[in-house]
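Biologist: I would like to learn how to read a few features of a structure. Could we begin with the strands and then go on to the side chains?

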Amino acid sequence: MIVNKKNVQTTDNTISYTHFETGSNTICFMFSGSGYNYDKPLFYYATMTMLQNNIDIVHIHYSYSEHIMKKTLDEVCKAMMDDINAVILDVLNNGQYNEMIFLGKSLGTIPMALDLMKREEFLKSKMILLTPLLNLELIFDSIVSSEHQGLLIIGDNDPRFNLEQIEKLSYANLKIEIVQNADHSLDIGGFETSNSILALSDIMEKLQEVIKVI
């Protein structure tokens with residue numbers, strides 16, 4: 001495996017990313033949360049799961065000021081997509097990949113729902129949404145109307161969890177998994193270590209089920 005750290009120029013700044021290359025023709029672009037980065041459990045083990053299945057990975061290292069995060073949802077999405085598009089174009093420029101997966105958590109699900117899931121070139125890409133911000137109407141509406149296959153995971157102690165919304169999402173093509181007693185980090189009860197590890201293991205099994213058919 002080759003691991004390369006690269007920079008790419010966007011309209012307003014330079015964005016860095018880490019590219020894990022196994023020689024695969026499938027790639028997973030990962031979008032971190034706000035403060036939940038790629039060394040955290042969900043991303044660490046999702047990365048291991050992808051590599052175990054010989055899937056290349058890109059970690060996009062964006063960060064945004066409080067000023068940007070106070071803007072409208074569309075403006076936040078545009079700022080993120082300026083960075084994300086620059087990386088995607090840079091990675092896909094070599095023409096190696098013909099299958100794509102997008103995996104995001106929390107903040108990282110904003111560009112997935114409001115942009116990537118609406119683009120024709122990604123209609124067959126799998127979407128993995130971890131703790132999406134379903135309390136934001138634009139995001140929920142986009143996900144519920146999507147025809148993408150993939151996986152959505154949320155805890156029932158997540159402030160963004162709403163059972164009525166989840167029941168509506170059950171009609172989508174996404175596989176829906178509710179983690180009992182899990183918070184926005186998908187940890188159980190805050191400090192229940194053993195149960196949190198068991199939940200994490202189950203989440204990775206669900207991820208494995210989704211990607212093994214690629």
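Modeller: This is a predicted model. Begin with strand β3, residues 26–31, which is mostly covered: 6 of its 6 residues are buried.

Biologist: Which way do the residues of β3 point?

Modeller: Thr26, Cys28 and Met30 point one way, while Ile27, Phe29 and Phe31 point the other way. All of them are buried.

Biologist: Which strands are joined to β3, and how do they run?

Modeller: β3 is joined by 6 bridges to strand β5, residues 99–105, and the two run parallel. Another 5 bridges join β3 to strand β4, residues 56–61, also in parallel. Take Cys28 as a reference point: opposite Cys28 stand Ile101 in β5 and Ile57 in β4.

Biologist: What do β3, helix α1 and β4 make?

Modeller: Together they make a right-handed β-α-β unit, with α1 covering residues 41–52. Met48 is in helix α1. With a relative accessible area of 42%, Met48 is partly exposed. Tyr44, Tyr45 and Met48 form a nonpolar surface patch, whose accessible area is about 300 Å² together.

Biologist: Now the cysteines. How many disulfides are there?

Modeller: The test is a pair of cysteine sulfur atoms within 2.5 Å. By that rule the count is 0 disulfides. The closest cysteine sulfur to that of Cys28 is in Cys77, 18 Å away, so the two are too far apart for a bond. Cys77 is likewise in no disulfide, its nearest cysteine sulfur being that of Cys28.

Biologist: Are Cys28 and Cys77 buried or exposed?

Modeller: Buried means under 20% relative accessible area. Cys28 is at 0%, so Cys28 counts as buried. Cys77 is at 7% and therefore counts as buried.

Biologist: How many salt bridges are there?

Modeller: The count comes to 8 salt bridges. One of them joins Asp82 and Lys78, at 3.4 Å from N to O. Both residues lie in helix α3, residues 73–92, and are 4 residues apart, about one turn of the helix. Lys78 is exposed at 53%, whereas Asp82 is partly exposed at 28%.

Biologist: Which residue forms a salt bridge with Lys206?

Modeller: Asp202, with the closest N and O atoms 3.0 Å apart. Lys206 and Asp202 both lie in helix α7, residues 193–211, again 4 residues apart. Lys206 counts as buried at 15%, while Asp202 is partly exposed at 33%.

Biologist: Which residues are linked in a network of salt bridges?

Modeller: Asp115, Arg119 and Glu121. Within this network, the side chains of Arg119 and Glu121 meet at 3.1 Å, N to O. Glu121 counts as partly exposed, with 49% relative accessibility.

Key: Residues are numbered from 1 along each chain as its sequence is written. This is a predicted model: local features need pLDDT of at least 70, side-chain atom pairs count only at pLDDT 80 or more; totals for chains, interfaces and linings use all residues. Side-chain values use heavy atoms; hydrogens and water are left out. Buried means under 20% relative accessible area, exposed over 50%, partly exposed in between (1.4 Å probe, protein chains only). Two strands pair if DSSP finds at least two bridges between them. A crossover is right-handed if, with the strands pointing away from the viewer, the path from the first strand over the helix to the second runs clockwise. Patches are made of residues with over 30% relative accessible area and no salt bridge: like charges are joined within 9 Å, nonpolar side chains (Val, Leu, Ile, Met, Phe, Trp, Tyr) within 5 Å. Accessible areas come from the Shrake-Rupley method with a 1.4 Å probe; for residues, only the protein chains shown count as cover. A salt bridge is a side-chain nitrogen of Lys or Arg within 4 Å of a carboxyl oxygen of Asp or Glu.
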